[in-house]
Amino acid sequence: MTAPFIAPDTFVTYARGLDLPTLSGVYTDLGLPSRTQGASDGWAWLTHDAATHTGGDLATQAGYLTGFRYEERFGRPNPLETVFLASTPACECPHGQNFMVPHCEAHPFHFIHSRRGFSTTYFNIGARRETRRHGDLLVRELLAAGIVGRETPRYEAEPGFNADGAVTLRIITGHFGLPSSA
């Protein structure tokens with residue numbers, strides 16, 4: 001997946017509902033210090049380099065932040081929401097081709113939305129990978145853009161349409177109002 005604002009081989013964790021020092025502190029305490037970080041438009045974010053961190057650990061932690069493990073710290077029910085994005089290659093592992101089976105640790109899903117300790121929606125981005133998804137969040141936007149659905153004429157009419165996932169990424173950032181400077 002190529003994203004204009006996410007460097008290649010990068011993991012980005014966005015969190016809404018807590019400030020940047022708290023988000024950064026949680027990850028640092030776990031031995032997952034960020035490469036860069038920032039906050040804007042109600043979101044705090046951290047970036048991690050895929051060469052030095054395991055994406056599975058980062059994706060799992062993004063989900064944990066929104067769950068019962070952190071209710072004592074953030075409140076009950078935990079009000080946090082996270083969006084995890086990865087600009088790493090899609091998993092080619094045999095088990096990673098099935099959307100309901102976790103990917104290997106090196107290749108987390110490109111997009112994971114978590115709330116109340118659960119991943120509400122996750123999928124890989126680009127080259128029609130969005131059709132193998134879990135969850136219905138964003139499905140209307142993906143259908144309207146011709147990325148998923150029974151009929152996707154843009155793929156046939158425009159060779160290379162959304163091959164890099166840029167259209168899907170714009171839908172994700174627009175839906176959540178994510179800052180585009182991570």
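This is a predicted model: local features need pLDDT of at least 70, side-chain atom pairs count only at pLDDT 80 or more; totals for chains, interfaces and linings use all residues.
Strands of a sheet pair through backbone hydrogen bonds, in either a parallel or an antiparallel sense. Here we have an open sheet of six strands, in the order β2-β3-β1-β4-β5-β6, and the pairing is antiparallel. At the edges are β2, residues 36–40, and β6, residues 118–123, each of which pairs on one side only. From one strand to the next, the twist averages 15°. As one example of the pairing, β5, residues 111–115, is joined to β6 in the antiparallel sense over five bridges, and within that pair I112 stands opposite Y122 of β6.

Helix α2, residues 55–65, lies across β1, β3, β4 and β5, and runs at about 165° to β4.

I turn now to the interior. In soluble globular proteins, nonpolar side chains tend to be buried together. The largest nonpolar core in this model has 24 residues, and the members that touch the most others are Y14, L85, F111, I147 and I172. At least two residues of this core come from each of β1 (10–16), β3 (43–49), β4 (81–86) and α6 (166–176). Helix α6 gives the most, with five residues. To take one member in detail, the contacts of L85, leaving aside residues up to four places away in sequence, include I6, F11, V12, Y14, F111, L169, I172 and L178. There is also a second, separate core of 22 residues, with A15, A44, L58 and F109 among them.

Ring pairs link Y14, W43, W45, F111, F123 and F176 into a cluster. Within it, W43 and F176 form an edge-to-face pair, 6.4 Å centre to centre, with 90° between the planes. Because W43 lies in strand β3 and F176 in helix α6, this pair ties together parts that are 133 residues apart in sequence. W43 is buried at 1% relative accessibility, and F176 is buried at 6%. A further edge-to-face pair is formed by Y155 and F161, at 5.1 Å centre to centre and 70° between the planes; Y155 and F161 are both buried. One other ring deserves mention: the charged end of R69 sits over the ring of Y64, 3.7 Å from its centre.

Finally, some points on the backbone. Most residues other than glycine have a negative phi, and most peptide bonds are trans. Against that background, the peptide bond from R76 to P77 is cis, with omega near -10°. P77 lies in the loop between α3, residues 71–74, and β4. D9, in the segment before β1, has a positive phi, near 55°. Phi of N162 is positive too, near 55°, and N162 is placed in the loop between α5, residues 153–157, and α6.

Which of these two is buried, and which is partly exposed? N162 is buried, since its relative accessible area of 4% falls under the 20% limit. D9 counts as partly exposed, at 36% relative accessibility.

Technical notes: Residues are numbered from 1 along each chain as its sequence is written. Side-chain values use heavy atoms; hydrogens and water are left out. A nonpolar core is a set of buried Ala, Val, Leu, Ile, Met, Phe, Trp, Tyr and Cys residues joined through side-chain atoms within 4.5 Å. Buried means under 20% relative accessible area, exposed over 50%, partly exposed in between (1.4 Å probe, protein chains only). Helices (H or I, at least four residues) and strands (E, at least two) are DSSP runs, numbered from the N terminus. Contact means heavy atoms within 4.5 Å. Two strands pair if DSSP finds at least two bridges between them. Axes are lines fitted to C-alpha atoms, for helices over the stretch in contact, and angles run from 0 to 180 degrees between N-to-C directions. Rings of Phe, Tyr and Trp (its six-membered ring) pair if their centres lie within 6.5 Å; planes under 30 degrees apart count as stacked, over 60 as edge-to-face and the rest as tilted. A charge sits over a ring if NZ of Lys or CZ of Arg is within 6 Å of the ring centre and within 35 degrees of the ring normal.
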